[in-house]
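Subject: Structure handover

Hello,

Here is the structure I promised to pass on. Please open it alongside this email; my notes follow below.

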Amino acid sequence: MKTPTIVSPQEWEAARDRLLVKEKELTHARDALAAERRRMPWMAVEKDYRFEGPDGTASLLDLFDGRRQLIVYRAFFDPDVNGWADHACVGCSMVADHVGNLAHLNARDTTLVFVSRAPQKEIARLKERMGWTMPWFSLTDSFDADFGVDEWHGTNAFIREGDRVYRTYFINARGDEAMGSTWSYLDMTALGRQEEWEDSPEGYPQTPPYQWWRWHDEYSPSTG
């Protein structure tokens, strides 16, 4: 392969400083995009969707696990998908491998779950084999078709007001490449990171940055 130009430390720093300007522009653009997401209209969820979980049947509201926000990733794991029954879709498995410790999301009143067409017995076996710990439910109805994830993977964000559930955003295709970190998940939600520096609508929950951060085993049980 033909390598780039070899330069001195001073020339390398100058080249890096030029790129840093563009990197900061990209960061600010991502912040602005997340601010627009927080101003997206909400879509009311009218159907009574049902899922199967380790403890039996669950509603969409149950998937929130008592928290304000819910993120649902549709992973392809069923007999029609390459890799069955030892593996889920290789791309969906890559996404699963990147999911961080969920205690940090939970501390921002947000729950992440995966859903698939596979039965719970197979999901439990797969999670143990691959070392995954996220909540993972079985689809039983038209949820995947209704929310754009029947033929391709995707990540839907929801929020609840009491017992009323609303869809707030949707990311799929190459957008899912960035998912996995606490920050990428929070940035797609209606409430965002909930930190004071964010450009959010008036009245949205916000706290000082850094101060809510904990080691993942030291959040209070009520948040984690």
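Start at one end of the sheet. Strand β1 pairs with strand β8 (residues 164-172) in the antiparallel sense, over 2 bridges. Met 43 has Arg 167 in β8 as its bridge partner. Arg 167 turns up again in a ring contact: its charged end sits over the ring of Phe 170, 5.0 Å from the centre. Bear in mind throughout that this is a predicted model.

**The sheet as a whole**

The sheet is open and has 8 strands. Their order is β1-β8-β7-β4-β5-β6-β2-β3, and the pairing is mixed. The edges are β1 (43-44) and β3 (56-59). Each has a single partner strand, so one side of each is left without a neighbour in the sheet.

A hairpin of 2 residues joins β2 to β3. Phe 51 has Ala 58 in β3 as its bridge partner.

**Strand β4**

Now look at β4, residues 69-74. How many of its residues are buried? The count is 6 of 6. In a regular strand, side chains alternate between the two faces of the sheet. In β4, Gln 69, Ile 71 and Tyr 73 point one way. Leu 70, Val 72 and Arg 74 point the other way. Both sets are buried, Arg 74 and Gln 69 included.

β4 has strand partners in β5 and β7. With β5 (residues 110-116) it runs parallel, joined by 6 bridges. With β7 (residues 154-161) the sense is antiparallel, again over 6 bridges. Two positions are handy for finding your way. Tyr 73 stands opposite Phe 114 in β5. Leu 70 stands opposite Phe 158 in β7.

**Aromatic rings**

The structure holds 14 aromatic pairs. One of them is Tyr 73 with Phe 114. The ring centres are 4.8 Å apart and the planes lie at 55°, so this pair is tilted. It links distant parts of the chain: Tyr 73 is in β4 and Phe 114 in β5, 41 residues apart. Both residues are buried.

Phe 77 and Trp 84 make another pair. Their ring centres are 4.8 Å apart with the planes at 45°, so this pair is tilted too. Are these two residues buried or partly exposed? Phe 77 is buried, with a relative accessible area of 0%. Trp 84 is partly exposed, at 30%.

There is also an aromatic cluster. Its members are Tyr 49, Phe 51, Phe 143, Phe 147 and Phe 158. Two of these names have come up already: Phe 51 is bridged to Ala 58, and Phe 158 stands opposite Leu 70.

One further charge sits over a ring. The charged end of Arg 108 lies over the ring of Trp 212, 4.2 Å from its centre.

Helix α1 covers residues 9-37, which makes 29 residues. From first C-alpha to last it reaches 41 Å, close to the 42 Å expected at 1.5 Å a residue. Which of its residues are buried? They are Ala 34, Ala 35 and Arg 37. These buried residues pack against β8 and α7.

Helix α7 (residues 182-187) contains Asp 187. Asp 187 is buried, with a relative accessible area of 14%. Leaving aside residues up to four places away in sequence, it touches Ala 34, Arg 37, Arg 193 and Glu 198. Ala 34 and Arg 37 are among the buried residues of α1.

**Cysteines**

The disulfide count comes to 0. The cut-off for a disulfide is 2.5 Å between the sulfur atoms.

Best wishes

Note on methods. Residues are numbered from 1 along each chain as its sequence is written. This is a predicted model: local features need pLDDT of at least 70, side-chain atom pairs count only at pLDDT 80 or more; totals for chains, interfaces and linings use all residues. Side-chain values use heavy atoms; hydrogens and water are left out. Buried means under 20% relative accessible area, exposed over 50%, partly exposed in between (1.4 Å probe, protein chains only). Helices (H or I, at least four residues) and strands (E, at least two) are DSSP runs, numbered from the N terminus. Two strands pair if DSSP finds at least two bridges between them. Rings of Phe, Tyr and Trp (its six-membered ring) pair if their centres lie within 6.5 Å; planes under 30 degrees apart count as stacked, over 60 as edge-to-face and the rest as tilted. A charge sits over a ring if NZ of Lys or CZ of Arg is within 6 Å of the ring centre and within 35 degrees of the ring normal. Contact means heavy atoms within 4.5 Å. The expected span of a helix is 1.5 Å times one less than its number of residues.
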